[in-house]
Amino acid sequence: MAGQQLEILGIAGSLRRASYNRRLLREAARIAPEDMNITIFEGLGDIPPFNEDVEAEGYPESVQRLHRAIAQADGILVAVPEYNYGVTGVLKNAIDWASRPAGRSPLEGKPAAVMGASMGMGGSARAQLALRDSFVFTQTPVLPGPEVLVAGAHEQFDDNGHLLRGDTRDFVRSLLERFGVFVRRFAEEPVAAGVEPSR
Ligand code: FNR
């Protein structure tokens, strides 16, 4: 936390160039409170499929970049697409890598917030819940709400990638404001690092 400025790492769980979730993250970065910088992680596509044999040989550079980015951030903001009522494979894969090594994962104790956009009516609600489940295992404290569920995502953004609806923007702004308070609380009383999660 450099000075009073919060450094937040944004992760969009889609590799698609025109991803609605990356648009949502960019929109969040644009309307974030003055004391919050959101930097979007762009290396998800470089991360190989998780394999314990590869891990045993050493963490690939792409994975090390992810680890460093999470470790250096005050908090992470994940924009979660929904594939078949779950999170996308690339996002789950990144979470699996970031969850290692057990007991020393950069996700442990790192404050997180989730939001998401999907083309269906649920606005990625199921995928967001699935991610929250994973964050129980990784001991990642997640902001309880508001839940930002951008449904019918293909009708929610203008040509510049900005959210069309003011009430949706207000939800995002409210999420970010609450997340700022949440992250600062964890900075004051961080979750004990190195505590082996119960499995
Ligand atoms: C989808 N989509 C989708 N939408 C949804 O609301 N619930 C779902 O379970 C699924 N399942 C699903 C599976 C697969 C394989 C694909 C390719 C798509 C549609 C999805 O919301 C849409 O592709 C979004 O555009 C994905 O997010 P990004 O890439 O725009 O961020």
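**Close-up views of a predicted model**

**View 1. Tyr20 is buried, with a relative accessible area of 17%.** Here buried stands for under 20% relative accessible area, exposed for over 50%, and partly exposed for values in between, using a 1.4 Å probe and protein chains only. The model is predicted: local features need pLDDT of at least 70 and side-chain atom pairs count only at pLDDT 80 or more, whereas totals for chains, interfaces and linings use all residues. Residues are numbered from 1 along each chain as its sequence is written, and side-chain values use heavy atoms, with hydrogens and water left out.

**View 2. Tyr20 and Phe157 form a stacked aromatic pair.** The structure contains 5 aromatic pairs. Rings of Phe, Tyr and Trp (its six-membered ring) pair if their centres lie within 6.5 Å; planes under 30 degrees apart count as stacked, over 60 as edge-to-face and the rest as tilted. Tyr20 belongs to helix H1 (residues 20-31), while Phe157 lies in the loop between strand S5 (148-150) and helix H6 (166-188), so that the pair links distant parts of the chain, 137 residues apart. Helices (H or I, at least four residues) and strands (E, at least two) are DSSP runs, numbered from the N terminus. Phe157 is also buried, with a relative accessible area of 9%.

**View 3. Phe50 and Trp97 form an edge-to-face aromatic pair.** Their ring centres are 4.7 Å apart, with 70° between the planes. Phe50 is found in the loop between strand S2 (36-40) and helix H2 (52-57), and Trp97 in helix H4 (residues 89-98), 47 residues apart. Phe50 is partly exposed at 28% relative accessible area, whereas Trp97 is buried at 0%. Ring pairs join Phe50, Tyr59 and Trp97 in a cluster.

**View 4. The charged end of Arg126 sits over the ring of Tyr85.** The distance to the ring centre is 3.8 Å. This description applies if NZ of Lys or CZ of Arg is within 6 Å of the ring centre and within 35 degrees of the ring normal. Tyr85 occupies the loop between strand S3 (75-79) and H4, and is exposed at 55% relative accessibility. Although not a glycine, Tyr85 has a positive phi of about 65°. Most residues other than glycine have a negative phi, and most peptide bonds are trans.

**View 5. The ligand is surrounded by 13 residues.** The closest are Ser14, Ser19, Asn21, Glu82 and Ser118; a residue is near a molecule if one of its heavy atoms lies within 4 Å of it. A side-chain N or O atom of Ser14 is 2.7 Å from an oxygen atom of the ligand. A polar side-chain atom of Glu82 is 2.8 Å from a ligand nitrogen atom, and a polar backbone atom of Gly120 is 3.1 Å from a ligand oxygen atom. Taken alone, the ligand exposes 610 Å², of which the protein buries 74%; accessible areas come from the Shrake-Rupley method with a 1.4 Å probe.

**View 6. Cis peptide bonds join Arg100 to Pro101 and Gly145 to Pro146.** Omega is about -10° between Arg100 and Pro101, and about 10° between Gly145 and Pro146. Pro101 lies in the loop between H4 and strand S4 (112-117), and Pro146 in the loop between helix H5 (125-137) and S5.

Definitions and conventions:
A polar contact is a pair of N or O atoms within 3.5 Å; within protein, one must be able to donate a hydrogen and the other to accept it, and residues adjacent in sequence count only if both atoms are side-chain atoms.
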